[in-house]
Amino acid sequence: MRFSSLPFLFGFLPITLAIYFAVPLRWRNLALLLARRGLRTLLVGCDPKKDTARLLSDRSLPALMEKYEALKSGAAAPEEVLFPVRENLLVCESGGPRPGVGCAGRGILIALEWLKKSGALERADVILYDV
């Protein structure tokens, strides 16, 4: 299947891919490919180490969990955690507790709930989760 045919196959609904890639580099490459094909792509990094977007951006990106309280209260804008790193490509790092402390799953759940409430999921043609 050619990626250029995806919007026609699935209509206006965003596509969510759940593919197990053990290496974040594969997610970044797939996200870049889809964005270059014209699909609005949201890449969500779900690792507390925040390594998904490291090579896509020229700066360190804060995690959603680091800004969650400010986002919830309206003191921070969604643009502070949703980064346009390329044309048609937004990146968000969910973050979570320090590695080895607590459960990263709770941070991912909170981040995904916020992305849904903020409307970020509806603005994307393809949503990739690097878990």
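Helices and strands are taken here as DSSP runs, numbered from the N terminus. In this predicted model, the elements of the protein chain follow the order α-β-α-β-α-β-β-α-β from the N terminus on. The tally is four helices and five strands.

The protein chain has 131 residues, and 41% of them are buried. Its accessible surface amounts to about 7700 Å². Carbon and sulfur atoms account for 58% of that surface.

The largest nonpolar core contains 20 residues. Leu-42, Leu-64, Leu-82, Trp-114 and Leu-115 have the most contacts inside this core. Four elements each supply two or more of its residues: strand 2 (41–45), helix 3 (64–73), helix 4 (104–118) and strand 5 (126–130). The most comes from helix 4, which contributes five residues.

Leu-64 illustrates the packing within the largest core. Neighbours within four places in sequence were set aside for this residue. The remaining contacts of Leu-64 are with Leu-71, Val-81, Cys-92, Glu-93, Ser-94, Ala-111, Trp-114 and Leu-115. Two of these partners, Trp-114 and Leu-115, are themselves listed with the most contacts inside the core.

Strands 3 and 4 were considered as a pair. Strand 3 covers residues 83–86, and strand 4 covers residues 89–93. The two run antiparallel and are joined by three bridges. Pro-84 stands opposite Leu-90 of strand 4. Together, strand 3 and strand 4 make a hairpin, with two residues between them. Asn-88 sits in the turn and has a positive phi of about 70°. In a regular strand, side chains alternate between the two faces of the sheet.

Arg-36 belongs to helix 2, which spans residues 24–36. Is Arg-36 buried or exposed? Its relative accessibility is 71%. The cut-off for exposed is over 50%, so Arg-36 counts as exposed.

Technical notes
Residues numbered from 1 in each chain as written. Predicted model: local features only at pLDDT ≥ 70, side-chain atom pairs only at ≥ 80, totals over all residues. Heavy atoms only, no water. Core = buried A, V, L, I, M, F, W, Y, C linked by side-chain atoms within 4.5 Å. Buried < 20%, exposed > 50% of the residue type's maximum accessible area, 1.4 Å probe, protein only. Contact = heavy atoms within 4.5 Å. Pairing = 2+ DSSP bridges. Areas by Shrake-Rupley, 256 points an atom, 1.4 Å probe, with all protein chains shown as cover.
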